[in-house]
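User: Could you take me through this structure in a few questions and answers?

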Amino acid sequence: MNIFNKKKLVTNSATLFLVTIMVLAAEIFGNKEIIFPEITALAVGYILSEKRSWNVDDKRMLLLIAVCACMGVVIVRYVRIGVFPELMLAFVFAQIVFCISGTSFAPLISAVVLPVMLQTESIVYPIAAVILTIAVIVCRRFLIHFGIREDEEYIPKRLNSASDIKDTVKRIVLVVLIGYAAFRFDFRFVIAPPLLVAFTELSRPGNKAKKKPFKIIAAMTAAAFVAAVFRYFITIKGGMPLTLTAATASLAMLIIINLSSVYLPPLGAVTLLAMLIPEAAVITYPLQIAVGISIYILLARTVFAGSGNIKDQ
């Protein structure tokens, strides 16, 4: 597959530009809460991928990101029952919203879970999330206008059938159990927000991506690995700006996506999340991501194996 044709060059450049500007703004203003890792996932699914990755439209995407980002900050500010219980509360909230949203827009999960995992209390986070989501939407509009991407019809579909509710309950129970073990052994990025998004997408009825388990595990692990390595050597040890690290890691992530043809949006978020985690976690981050995605694919292929054959996203 030629990754240097005109359309791919434009979409890859747009994704890289959004990431670089976001991290640069965070460094200029001295506020890492401006960095919204899921924006890379949105770029992968809404700009980079030839077909829109979710059954969603612009207005609903923006509304869902805004509501969930605000709720994540509210949980951190006012619930105060400990990080793990707050994370599970955020995940339950996200699963409920996912079911009633009329969309298959799983990245909303990360929007509410991420601020809880990082214990973000500032309103800067939801404001940045909204502005960056608007940037992705505007970018897609331009791509459609110039014929680089095709406009796609949005058909509302609520995931509130008996089987959908059953799957939601199973996801919540499994994430609670995995999350408890992850916190117990201080391996908490096994339930990193992008992995929870990936689990939700992979366990959806008829998701085709889970038929390529080793390819997905390799791509996710590779993205986490290059991001962790670049942050460690370029920024932590080298003292260079985080913007350089994020841009370099994102470029590597785009190469991984294009060469592997694994257009799984959480790949992007996994890459950018490595810019935000504590320095002490950078060394083990790729291993935690590898373990996490392996668990979720195994569960998606076994516990959710009978959920249909046609991906509706």
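## Questions and answers

User: Which helix holds Leu 298?

Analyst: Helices here are DSSP runs (H or I, at least four residues), numbered from the N terminus. This is a predicted model, where local features need pLDDT of at least 70 and side-chain atom pairs count only at pLDDT 80 or more, while totals for chains, interfaces and linings use all residues. Residues are numbered from 1 along each chain as its sequence is written, and side-chain values use heavy atoms, with hydrogens and water left out. The run covering residues 285-302 contains Leu 298, and that run is helix H12.

User: Is Leu 298 buried or exposed?

Analyst: Buried means under 20% relative accessible area, exposed over 50%, and partly exposed in between (1.4 Å probe, protein chains only). Leu 298 has 54% relative accessibility, so this residue counts as exposed.

User: How far apart in space are Leu 298 and Leu 202, C-alpha to C-alpha?

Analyst: Along the sequence, Leu 298 and Leu 202 are 96 residues apart. In space, from C-alpha to C-alpha, their separation is 10.0 Å.

User: How many residues of helix H2 are buried?

Analyst: Helix H2 spans residues 38-48 and is mostly covered. Among its buried residues are Glu 38, Thr 40, Gly 45 and Tyr 46.

User: Which residue meets Arg 141 in a salt bridge at 3.1 Å, N to O?

Analyst: A salt bridge is a side-chain nitrogen of Lys or Arg within 4 Å of a carboxyl oxygen of Asp or Glu. At 3.1 Å, the partner of Arg 141 is Asp 58. The pair links distant parts of the chain, 83 residues apart, with Arg 141 in helix H6 (residues 124-145) and its partner in helix H3 (residues 58-79). Arg 141 is partly exposed at 36%, whereas the residue that counts as buried at 17% relative accessibility is Asp 58.

User: What is the relative accessibility of Arg 140?

Analyst: Arg 140 and Glu 152 meet through their side chains in a salt bridge (3.2 Å, N to O). Arg 140 is in helix H6, and Glu 152 is in the loop between H6 and helix H7 (162-184). Glu 152 counts as partly exposed at 22% relative accessibility. Arg 140 counts as buried, because its relative accessibility is 2%.

Note on methods. Helices (H or I, at least four residues) and strands (E, at least two) are DSSP runs, numbered from the N terminus.
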